[in-house]
Amino acid sequence: MNILGIETSCDETSAAIVKDGRKTISLTISSQVKEHELYGGVVPEIASRRHIENINKVILECFKRSNSSLSDIDGVAVTFSPGLIGSLLVGVNFAKGFCFATKKPLIAVNHLKAHIAANYLCHEDLSPPFLGLIISGGHTIIVNVLNYCDFKVIGKTLDDSVGEAYDKIGRALNLPYPAGALIDKLAKKGDETKFKFPKPKVSGSQFNFSFSGIKTAVLNTINKEKQNNNEILVEDFAASFQDVVSKIICEKIFLAIKKYYAKKLVIAGGVAANSRIRKDLTNLCYMNNVKIYLPELKYCSDNAAMVASQGFFEFENGNIEKDFSLNAVANSLF
Ligand code: KG4
Ligand code: ZN
């Protein structure tokens, strides 16, 4: 069964055709990142306008690249939540029009579930139940994936997401947006012991996160260094920040593994591309006899193949839209 996936939740317009939720037949991504870089973050109004301009081209290119035609498609999966509302609406409306015209089934996909599903494209043996960690520009969540479509949140950030923290610190260090990948690279040349940033105390569930305190501590240290006319060693800041972030993530995951007797851990989202976090979590899992699943780097950031993959499992589960009343939702979790 081939599912056409459509993703427009943030600043990537993407289309993909995926077979049986596991094999990418075609994937097209048009990124607006260069344009948003000028503003140091995604400008929602610009993002929706670009999606409108790009979506037809991206879908056509996706069919063309794989030599596919409409008759090859068994259903259309679209991201409907969470994300920027104006951006989501472009994909949702396109998918509704497409399904109305072609009489194909319409499948609503949650973007966070789709990030997890990116792993089904890379690991054919992977199946729920497992413990999931979603670390992206918008979210930081530990989730119990009970089944392909059944997710239970066990911890989340109470303020900034980990990706947001990377991007804000990047801005303070005068790095281009988004800064995550560059901080990762610079950290390799830095001294992680140079600065000690505090691990935050977090209220509520022991699995919750907080990154705004670390962000403030890093910003204060940068300012102090500037006031003392010290050279800002970007590499040392990058390494010290990444060190504490990775340690916090590993501590929470260790607790979750123990509490839920997890045997498998699945990592997802843009920050899942981070080399230090990948290495530390791989070691943690090895020490605790847990099998770790990491997405290929090309599937960490937003793409429609992961949406098509999740769409396949939603379809299998009978989660097909009954009419065309589907709307976009900005901020639901699962
Ligand atoms: O999942 P994603 O593409 O978009 C959302 O759904 O939010 O994640 C984007 C985030 C950005 O904050 C970016 O700085 C971060 O992922 N990122 C990284 C790395 N590559 C991308 N953060 C840390 N290390 C990386 N290698
Ligand atoms: Zn995302």
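User: Why does the end-to-end distance of helix α3 (residues 85-102) agree with its 18 residues?

Analyst: The expected span is 1.5 Å times one less than the number of residues, so the 18 residues of α3 should span 26 Å, and its end C-alpha atoms are 25 Å apart, which agrees. A helix here is a DSSP run of H or I with at least four residues, a strand a run of E with at least two, and both are numbered from the N terminus. Please keep in mind that this is a predicted model, where local features need pLDDT of at least 70 and side-chain atom pairs count only at pLDDT 80 or more, while totals for chains, interfaces and linings use all residues. Residues are numbered from 1 along each chain as its sequence is written, and side-chain values use heavy atoms, leaving out hydrogens and water.

User: Which residues of α3 are buried, and what covers them?

Analyst: Buried means under 20% relative accessible area, exposed over 50%, and partly exposed in between, with a 1.4 Å probe and protein chains only. In α3 the buried residues include L88, V92, F94, F98 and C99. Their cover includes β1 (2-7), α2 (44-65), β4 (75-81) and β5 (106-110), where contact means heavy atoms within 4.5 Å. Just after α3, K103 has a positive phi of about 65°.

User: How do you know that C62 is in no disulfide?

Analyst: A disulfide is a pair of cysteine sulfur atoms within 2.5 Å. By this rule there are zero disulfides. For C62, the nearest cysteine sulfur belongs to C99 and is 14 Å away. For C250, the nearest is that of C285, 8.5 Å away, and C250 is in no disulfide either.

User: Why are C62 and C250 called buried?

Analyst: C62 has 0% relative accessibility, so C62 counts as buried. The relative accessible area of C250 is 13%, so C250 is buried.

User: What makes β8 (150-156) and β10 (291-293) edge strands?

Analyst: Two strands pair if DSSP finds at least two bridges between them. The open sheet has five strands in the order β8-β7-β6-β9-β10, with mixed pairing. β8 and β10 each pair on one side only. As for β7 (residues 140-147), six bridges join this strand to β8, and the two run antiparallel. N147 has D150 in β8 as its bridge partner.

User: Which helix packs on the sheet?

Analyst: That is α8 (residues 234-260), which touches β6 (130-135), β7, β8 and β9 (264-268).

Conventions: Chains lettered and ligands numbered in written order. Axes fitted to C-alpha atoms, helices over the stretch in contact; angles between N-to-C directions.
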